[in-house]
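Subject: Handing over the two-chain model

Hi there,

Here is the structure I promised to pass on to you. Please open it alongside this email, and I will walk you through what turned up.

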Amino acid sequence: MLVGALFPLNHLGHYLHWHFINVSVANTTVMILMIAVFVAAVALPFPGRRERKGK
Amino acid sequence: MKRRYRPDVDVPEWTGGHYPYDILKEGTIALVVVLLITVTLSIFFGSPDEPAITIKAWSTAAPIDYAQTAFSELNGTSGTASYGAPYNQGDSQRLGPLQLEKWMGVRIPINAAQDFVLGPLQSLPGQPALTSALHTFQTASDATRNAWFDAYTKAEATMSFAKDQVVVPTTAAGPVPLMINDLTAMARSGALDQALLTRNSFYTTNYTQTLLLLSDGTYLANVAQQQHLLGTQWGMMNETGSYPGQAWLWLYTLWYQVPPYSQSSNGDVEVFGTLVLLSAFLLFVPFIPGLRSVPRRLGIYKLIWREHYRDQS
């Protein structure tokens with residue numbers, strides 16, 4: 001049985017417009033999340049490091 | 001004599017310890033995490049579900065736009081009819097003195113009048129008036145056809161659609177009004193979609209002709225504009241609805257927004273040339289003195305491997 005999504009996004013999107021730059025809110029959200037993941041990847045300690053140091 | 005160490009070219013041999021690392025384990029964990037995120041997001045937000053635009057949908061929603069486009073295919077003034085390679089002989093975009101499309105030649109030959117108008121009409125069975133009109137058109141001289149085209153073009157501005165008929169107020173266009181009217185009826189019935197799909201092969205997955213015909217009208221562009229999908233709207237990056245799109249294509253679509261690319265009739269090939277140049281630049285970074293030192297001077301690697309450098313100091 002097919003069920004619909006809880007919050008479907010099939011309606012027209014919102015766009016941010018500044019000079020010649022025109023970017024959707026959805027794309028901006030994804031870009032911010034990607035930057036956040038990159039910062040987290042650099043900032044968080046590498047897993048397993050402490051375990052290796054103990055060996 | 002020992003050669004001087006060059007920091008961005010020479011690679012010193014690692015003399016420290018080694019640890020085992022299970023890359024398959026890491027890959028499996030990444031796959032499972034991405035799978036879980038994908039399933040969760042699809043449960044919450046669904047996925048783009050825009051109905052396909054067909055010739056039937058177009059000609060039903062905008063019959064006059066369809067009829068005008070069909071006429072432009074017949075008289076050879078449409079975008080496809082005059083596109084050039086790979087579809088037909090015509091002037092293609094230029095990158096300085098180079099015409100890259102012409103190098104590839106006409107690989108997908110399209111005769112707009114034959115493929116989009118005459119061919120489909122010839123496939124309609126049991127229509128004596130249409131058969132006669134087609135015979136009249138095909139046996140007429142070029143001068144006669146051009147006179148019909150001129151008359152139809154003049155009347156086109158006041159074209160209307162009533163009672164399932166395309167009404168063009170002219171009597172000097174020969175068989176053209178009947179042909180365009182019958183083709184519009186064929187399009188509205190859905191038969192033209194089938195005719196364009198199945199003409200060249202048994203397998204109906206080649207939508208080239210359907211898409212070219214759609215792109216010659218204004219209906220597709222209007223729908224695309226509403227959805228922010230036009231090239232001038234950074235459309236390459238966008239998706240239908242409110243879904244995120246292909247954000248990684250920002251560098252390609254960026255050029256289409258700024259002069260001289262945005263105002264050039266050779267915009268596509270100029271953007272292509274620019275991207276080739278930038279890609280070559282990126283490819284040769286390790287060989288460009290100064291630029292290849294940037295990562296070392298920025299020192300982000302020291303942040304990533306900070307525990308190693310802390311242990312060293």
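A residue counts as buried if 20 or more other C-beta atoms lie within 10 Å of its own, as exposed if 12 or fewer do, and as partly exposed in between, with C-beta atoms placed from the backbone. By that rule, buried residues make up 5% of the 55 residues in chain A.

Two notes on reading the rest. This is a predicted model, in which local features need pLDDT of at least 70 and side-chain atom pairs count only at pLDDT 80 or more, while totals for chains, interfaces and linings use all residues. Residues are numbered from 1 along each chain as its sequence is written, and chains are lettered from A and ligands numbered from 1 in the order in which they are written.

**Chain A**

The secondary structure of chain A consists of two helices and two strands, where helices (H or I, at least four residues) and strands (E, at least two) are DSSP runs numbered from the N terminus. Along the sequence they follow the pattern β-β-α-α.

A residue to look at here is Thr28(A), in helix H1 (residues 25–43) of chain A. Thr28(A) is partly exposed, because 15 other C-beta atoms lie within 10 Å. Setting aside neighbours within four places in sequence, Thr28(A) is in contact with Leu16(A) and Val23(A); contact means that the C-beta atoms of two residues, placed from the backbone, lie within 7 Å. Tyr15(A) is 13 residues from Thr28(A) along the chain, and their C-alpha atoms are separated by 9.2 Å.

**Where the chains meet**

The contact between the chains takes 22 residues from chain A and 22 residues from chain B. On the chain B side, helix H1 (23–45) and helix H15 (300–304) are the elements that give two or more residues. H1(B) provides the largest share, three residues. By class, this side of chain B has twelve nonpolar, eight polar and two charged residues. Here Ala, Val, Leu, Ile, Met, Phe, Trp, Tyr, Cys and Pro count as nonpolar, Asp, Glu, Lys and Arg as charged, and the others, Gly among them, as polar.

**The core of chain B**

The core has 34 residues, and Ala70(B), Val117(B), Met179(B), Ile180(B) and Leu183(B) touch the most other members. A nonpolar core is a set of buried Ala, Val, Leu, Ile, Met, Phe, Trp, Tyr and Cys residues joined through C-beta atoms within 7 Å. Leaving out neighbours within four places in sequence, Ala70(B) is in contact with Phe116(B), Val117(B), Ile180(B), Leu183(B) and Thr184(B).

H8(B) itself is largely enclosed by the rest of the structure, because ten of its 14 residues are buried. Among the buried ones are Met179(B), Ile180(B), Leu183(B) and Ala187(B). Just after H8(B), Gly190(B) takes a positive phi of about 95°.

H8(B) also meets H5(B): their axes come within 10 Å and cross at roughly 80°. The two helices are therefore roughly perpendicular to each other. Val117(B), Pro120(B) and Leu121(B) of H5(B) make the contact with Met179(B), Asp182(B), Leu183(B) and Met186(B) of H8(B). These residues divide into six nonpolar, no polar and one charged. For these figures, axes are lines fitted to C-alpha atoms, for helices over the stretch in contact, and angles run from 0 to 180 degrees between N-to-C directions; under 35 degrees counts as roughly parallel, over 145 as roughly antiparallel, 65 to 115 as roughly perpendicular and the rest as oblique.

**Backbone details in chain B**

Most residues other than glycine have a negative phi, and most peptide bonds are trans. With that in mind, have a look at these spots:

- The peptide bond from Ala85(B) to Pro86(B) is cis, with omega near 10°.
- The bond from Pro259(B) to Pro260(B) is also cis, with omega near 5°. Pro260(B) sits in the loop between H12 and helix H13 (267–283) of chain B.
- Lys163(B) has a positive phi, near 50°, and counts as exposed, with 5 C-beta neighbours inside 10 Å.
- Trp234(B) has a positive phi, near 60°, and is buried, with 26 other C-beta atoms within 10 Å.

Best wishes
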